[in-house]
Amino acid sequence: MTVFPDNLHKTNNPIVQNIQRELSHADILVLVAVTNQESVTWIQSNSKKVQNIICFDSSPNLTNKLGGSFTNTENKGNIFSKLKRKKTNESLEIYQTVYEAWDRHNSDDIRFSLLVIINAYIRPISVLKNLRAKGFSTLNCMVKNCGQQILNCLLDPNCRKALQCLNKCSPVDQVCNYRCIASYESPQLEAFSLCVLQKNNCLGLDAQIPQKPYAHPMLKFRGENLCHETAEDLFVGWLGNLDWSWRVVAGQNPAYDQFPCQYQLFYRGKAKGSFWYEPVFQVKTLEGNLVWRRRKYRVKRANIPGTFYFSVLDNGVVSKEFWTIVDVCDNLSWGLFHYSGAARVAGQSYTGAVVVSPNGEYPDDKERWRLTSALEKCGIKEWELYTVDNCSCENPPLGIPEGSSLLLNIELNNLKYLET
């Protein structure tokens with residue numbers, strides 16, 4: 001990939017000569033905020049051989065082109081336009097998916113929007129294989145195995161709204177899909193998803209936990225080698241002294257880390273060796289209501305201290321995740337946890353990271369260098385993070401099961417957070 005500034009009207013600039021060479025064999029041209037009219041004219045004259053051109057926040061005189069065809073959003077005209085209707089409709093669906101992702105203005109969605117174009121017009125992208133529909137076999141599987149669950153869902157207003165909402169999302173658009181699910185979740189939706197997806201995989205989808213980026217866990221805490229028990233204690237954090245383990249300050253994943261008022265509850269269960277994670281968070285539904293949501297993950301130690309396997313049944317679909325404790329300050333004033341995961345039968349793979357603290361506030365400036373270094377271990381820049389809105393968090397549904405145990409090895413001595 002080659003990147004150029006908006007100064008193409010300066011014909012003597014050596015950069016212009018370079019871009020002319022690149023355009024002669026480019027597969028895709030992406031234009032962002034190109035408004036200078038002389039540059040617009042230059043692009044129009046020199047990009048005729050490029051088969052795919054996509055324009056974001058640029059001059060209206062620049063036209064999108066996919067697969068060698070310019071946009072025709074009206075779908076009107078003579079018999080020849082009708083013969084091309086199917087191709088046009090497919091292009092419009094791609095445009096809609098691309099622009100909806102771009103408008104969310106985050107690095108993951110920008111990458112996603114470009115991969116959608118590459119997948120459709122240049123070469124298949126493995127992570128987008130679930131964009132390809134399975135046709136009649138899907139419907140046959142659903143009716144044969146899940147007739148009652150389908151009927152119950154269609155008769156329930158929330159479940160019906162969830163299906164209508166999901167139908168508008170690209171299968172691999174995690175942000176769109178999870179907003180629908182979190183807005184309209186219900187027992188009927190869970191039963192529908194459990195039957196159609198988890199038990200029978202009627203959509204024929206598959207996704208694996210991403211192997212990259214791999215974030216290395218911290219090796220020492222308070223000068224001692226990190227062991228499994230201490231790593232679990234770092235997750236348990238402030239629970240017992242406060243009503244929660246941690247509060248999320250900021251997160252990197254646009255689908256899961258942008259919800260307001262995120263509380264983390266980590267605790268050891270009654271059964272020997274059991275460990276649990278329960279996130280509690282607010283959702284502003286698509287209808288504008290604020291509601292609390294809660295999930296429950298089973299947590300197992302991985303081979304290396306500071307790494308863990310998580311699993312959860314989320315609205316009828318199992319998600320499996322790999323978590324890493326990247327860094328935690330000695331006084332537990334902040335931490336950074338990285339995760340990668342997949343909802344296999346939903347065809348969704350994802351990665352993310354969360355910055356946590358006891359009070360939901362950013363680490364002090366004197367800790368910023370260490371946080372930046374920890375983020376770099378995850379391949380993340382600080383500007384990619386969403387700051388969580390922790391302003392209006394009244395009456396969160398916290399609490400853990402009676403008989404659960406908390407810290408084993410770590411003593412908390414940072415009284416500042418216990419007084420807040």
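Modeller: Happy to. Let's start with C153 and C159, whose link is left-handed, with -95° about the S-S bond. Their sulfur atoms lie 1.9 Å apart, and a disulfide here is a pair of cysteine sulfur atoms within 2.5 Å. C153 has a relative accessible area of 0% and so is buried; C159 is also buried, at 0% relative accessibility. Buried means under 20% relative accessible area, exposed over 50%, and partly exposed in between, using a 1.4 Å probe and protein chains only.

A word on the model before we go on. It is a predicted one, in which local features need pLDDT of at least 70 and side-chain atom pairs count only at pLDDT 80 or more, while totals for chains, interfaces and linings use all residues. Residues are numbered from 1 along each chain as its sequence is written, and side-chain values use heavy atoms, with hydrogens and water left out.

The structure holds six disulfides. If you number the bonded cysteines in sequence order, the pairing reads 1-10, 2-9, 3-4, 5-8, 6-7, 11-12.

Next comes the disulfide of C141 and C202, with sulfur atoms 2.1 Å apart. Its S-S torsion is about -65°, so this disulfide is left-handed. C141 sits in helix α6 (residues 136-155) and C202 in the loop between α9 and β5, so the pair ties together parts 61 residues apart in sequence. Helices (H or I, at least four residues) and strands (E, at least two) are DSSP runs, numbered from the N terminus. C141 and C202 are both buried.

Just after α9, N201 takes a positive phi of about 45°. Further on, P213 also lies in the loop between α9 and β5 (220-221), and a cis peptide bond, with omega about -5°, joins K212 to P213. For background, most residues other than glycine have a negative phi, and most peptide bonds are trans.

Now for the bond between C261 and C393, S to S 2.1 Å. With a torsion of about -80° about S-S, this disulfide is left-handed. The pair links distant parts of the chain, 132 residues apart: C261 in the loop between β7 and β8, and C393 in the loop between β16 (386-387) and α12 (415-418). Both partners are buried, and for C261 the relative accessible area is 1%. C261 also has a positive phi of about 55°, although it is not a glycine.

L332 shows a positive phi of about 55° as well, and it is not a glycine either. This leucine is placed in the loop between β13 (317-328) and β14 (335-343), and it is buried at 0% relative accessibility. L332 is among the residues with the most contacts inside the largest nonpolar core, which has 48 residues. Such a core is a set of buried Ala, Val, Leu, Ile, Met, Phe, Trp, Tyr and Cys residues joined through side-chain atoms within 4.5 Å. Strand β9 (residues 275-284) gives the most to this core, with six residues. A second, separate core of 22 residues includes M142, C180, L197 and A346.
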